Amino acid sequence: MSREIWITIDQKKIKANEGDRLLWVALENDIYIPHLCAIKDEERPNAGCRLCFVEIVGYKNPVTSCTKVVQDGMIVKTRSPRIDRLIKTGFELILSDHNLKCRECPANKNCALQEIASKRKIKLQQRRFKPITREFEIDESPEVFAFDRSRCVLCGQCIWADREKAKVGAIGFTRRGINRAVTTFKDIPLAESICTQCTLCVDACPVGALYYKKEVRED
C-alpha cells in the first residue's frame, strides 16, 4: 500500500499517494493543467504534447507534470509567466498544423483544444507561426466512423486505446518530424486493415480527428 504524502499545488495543500504522477493529482483536485497526450494508466508517459509544464520549487527548469512523480513536501506552481509562455508556444505550434475550421468539426464544443484555449485564455487562431497547409483525404472506409488527419494532434490517445484496450494494433505512428502521422500498416484504409471497428479509438480522440459519421450520431 502506498504511503500518503502531502504536496502543495498553487498554495493548496493536497494529500497524495507516493508514486502518483503530478498531473493526475492536480486534475483530481480540481487544479487544471493543460494536456493532450497524457494517459493515466500509461506506464511511461511520452510527454509528447508539451503542454503540461509546471514549476517545482528547487527545480531549475519547468517539468512536464505527466512524467513527474510526486514527492512529500513538493511545492508546485501551475501558473507563472514562464509556464504560461511555454504552454502558449506549445499550443500555437499544435495549432499551426491543425484544421481550425471548428464550426465544421464534429468535436466542436467538446474539444480538448477548445478547453485549453478557454481555460488559458489563448485564442484558437494561428498568428505567430506560419500555418502548415496540407491536403489529406478523409478515411471514410469504416462503417460508422471516419478519420480526418487534418485535425489529428498526434496525441497518441487512439493508438493507446487500439493497442492497450482493444488489443488490436491496427494503427500507429509513422514517419518523423513534420510528416509524423497516425496511420495503418502500409497506409491502407482502416477498413482494409486489421481494425475491428470497435470505435474505442474514436472515443479516445480528444479532438475531431476520429469521429462518428453523422448518420450514426443521429441514431
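User: Where is Asp10 found?

Analyst: Asp10 is found in the loop between β1 (4-9) and β2. Helices (H or I, at least four residues) and strands (E, at least two) are DSSP runs, numbered from the N terminus. This is a predicted model, in which local features need pLDDT of at least 70 and side-chain atom pairs count only at pLDDT 80 or more, while totals for chains, interfaces and linings use all residues. Residues are numbered from 1 along each chain as its sequence is written, and side-chain values use heavy atoms, with hydrogens and water left out.

User: Is Asp10 buried, partly exposed or exposed?

Analyst: Start with the cut-offs. Buried means under 20% relative accessible area, exposed over 50%, partly exposed in between (1.4 Å probe, protein chains only). Asp10 has a relative accessible area of 34%, so Asp10 is partly exposed.

User: Which residues does Asp10 touch, not counting residues up to four places away in sequence?

Analyst: A contact means heavy atoms within 4.5 Å. Asp10 touches Ile31, Val76, Lys77, Thr78 and Arg79. Ile31 is 21 residues from Asp10 along the chain, and their C-alpha atoms are separated by 8.4 Å.

User: How do I read the sheet? In what order do the 5 strands come?

Analyst: Strands of a sheet pair through backbone hydrogen bonds, either parallel or antiparallel. Two strands count as paired if DSSP finds at least two bridges between them. Here the order is β2-β1-β5-β3-β4, in an open sheet with mixed pairing. β2 (12-17) and β4 (63-64) are the edge strands, each pairing on one side only.

User: In what sense do β3 and β4 pair?

Analyst: Antiparallel, with 2 bridges between β3 (residues 53-56) and β4. Val54 has Val63 in β4 as its bridge partner.

User: Now a helix. Which residues of α4 are buried?

Analyst: In α4 (residues 157-165), the buried residues are Gln157, Cys158, Ile159, Trp160, Ala161 and Asp162. They pack against β7 (171-174), β8 (181-184), α5 (200-204) and β9 (210-212). After α4 comes Lys167, with a positive phi near 60°.

User: What does the secondary structure of the chain come to?

Analyst: The chain has 6 helices and 9 strands. Its radius of gyration is 19 Å, close to the 17 Å from the globule rule for 219 residues, so the chain is as compact as a globular protein of that length. That radius is taken over C-alpha atoms; the rule is 2.2 Å times the number of residues to the power 0.38. Of the 219 residues, 46% count as buried.
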